[in-house]
Amino acid sequence: MTQPRHRYLQRFATTLVLAPWLAVSLPNTAAAEVSAKVQLQDVAVHELHEDLRAYGTVEFDPQGAQTLSLQAEALIQQVLVAPGQEVRKGEGLLRLNPSSNDRQMLEQARINLRFAEEDLHRTESLLSRQLATNAQLATARQNRDKAAADYHALATRLAHLQGGVLRAPGNGVITQVFAKAGDLVPAGQALIQLQKGRQMRVVLGIEAEDLARVHVGDDVRVQSLERGSAVIAGKIRQIYAQVDPRTHLAQAVVSLPADSPFLPGSMVSAQIRLRSLRMPAVPDSAVLTDKGRPYAFIAVHGRAQRRWLELGPRDGHWQGIRSGLQVGEAVVTLGNYELHEHMLLRTDGQP
């Protein structure tokens, strides 16, 4: 019995000797807690400008268009121009002839005028011999004046056809040709559309739900779809409050300067600068996503807390926040990718 008791006391004494060393060697769980070094920034209210992306087509501004027609019926012999062709003032556009009907009408008007003049001369002669009355002379003069007016009106309408060519009234670009050789066109029918100058516009397609946010006068930055192309500034001039049945989009018109480099028919993209909003905002580096859902971490008593967000507009490197963060809260802007809920945070100046 003495020997076992001695061994027990020996082991107890050994334990007392090693106890301080064991206390030092055992891990300190509080000191080993993982922390992350981060940068924080308070959520603050900013004035943000929201942009809306849209696409559209460049076309000539119809305000500079002139539709050419004839004052008389004519037979088209030859079309001398095509859409997109630049023309100079006086250049021939169409070869044509008066219709046979108009030629007959002009000849009949000439005959009527000659008869009316002969009747006036005869009446004047009779009156000089007291064989006609003043009333008869007045009637003859009225008939002569009416016949002359009818003839000159018809001759004027046909005068520009006598040369056989319809000419450009000024410099411009042919945008549409409505006639073709062999057509017998009535008076007043559109034959050619001529665009004066180089005034362009862009017709943008706008989603119907976004239309209420777009206003006349909004600034627009227009750019060709080709990479590295120039950016042209313009403004919303008109908004068509209806949906195009082909594209299912509403339309907004942007005026462009006369020296814009775009060609009619080209496709462009546009950034519409919508009206500014004041709302809480954070640097865009503070916003992360989880399966497409945005969130951010804030510091609460030195630890990370996740907040799910509803985002507003983005302007430069500022991201608007509609809900999820309050003004004055400290949001993590750097070092947030490795964070998890309740993780200990360290900032500059902390070990």
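1. Strand β4 is the main contributor to the lining of the largest pocket, giving four residues. Strands here are DSSP E runs of at least two residues, helices are H or I runs of at least four, and both are numbered from the N terminus. A quick reminder before going on: this is a predicted model, where local features need pLDDT of at least 70, side-chain atom pairs count only at pLDDT 80 or more, and totals for chains, interfaces and linings use all residues. Residues are numbered from 1 along each chain as its sequence is written, and side-chain values use heavy atoms, with hydrogens and water left out.

2. Staying with that pocket, its volume is about 180 Å³. The lining has 13 residues, and Thr57, Val203, Gly205, Thr247 and Gln251 are the ones nearest the centre. β4 and β13 each supply at least two lining residues. By class, the lining splits into five nonpolar, five polar and three charged residues (nonpolar: Ala, Val, Leu, Ile, Met, Phe, Trp, Tyr, Cys and Pro; charged: Asp, Glu, Lys and Arg; polar: the others, Gly among them). For the record, a pocket is an open set of points on a 1 Å grid over the protein atoms alone, where a 1.4 Å probe fits, with protein on both sides within 12 Å along at least five of seven lines; lining residues have an atom within 4 Å of a point. Points are joined across faces, edges and corners, and the volume is the space filled by probe spheres set on them.

3. On to the charges: the structure holds 16 salt bridges (a side-chain nitrogen of Lys or Arg within 4 Å of a carboxyl oxygen of Asp or Glu). Take Glu50 and Arg213, whose closest N and O atoms are 2.5 Å apart. This pair ties together distant parts of the chain, 163 residues apart: Glu50 is in the loop between β3 (44-48) and β4 (51-60), and Arg213 is in the loop between β13 (200-206) and β14 (219-224). Glu50 counts as buried at 15% relative accessibility, while Arg213 is partly exposed at 31%. (Buried is under 20% relative accessible area, exposed over 50%, partly exposed in between, with a 1.4 Å probe and protein chains only.) Asp210 belongs to the picture too, as Glu50, Asp210 and Arg213 are linked in a network of salt bridges.

4. Asp51 meets Arg273 in a salt bridge of 2.6 Å, N to O. Again distant parts of the chain are linked, with Asp51 in β4 and Arg273 in β17 (residues 267-273), 222 residues apart. Both ends are partly exposed: Asp51 at 33% and Arg273 at 32%.

5. The salt bridge between Arg246 and Asp244 is 3.1 Å, N to O. Here Arg246 is exposed at 71%, but Asp244 is buried at 11%.

6. Worth a look is the open four-stranded sheet, ordered β5-β12-β10-β7 with antiparallel pairing (two strands pair if DSSP finds at least two bridges between them). β5 (65-69) and β7 (86-87) are the edges; each has a single partner strand, so one side of each lacks a neighbour in the sheet. Two bridges join β7 to β10 (residues 172-177), and Val87 stands opposite Gly172 in β10.

7. Last, Thr333 sits in β24 (residues 330-334) and is buried, at 8% relative accessibility. Leaving out residues up to four places away in sequence, Thr333 touches Gln39, Leu40, Gln41, Pro283, Ser285 and Ala286 (contact means heavy atoms within 4.5 Å).
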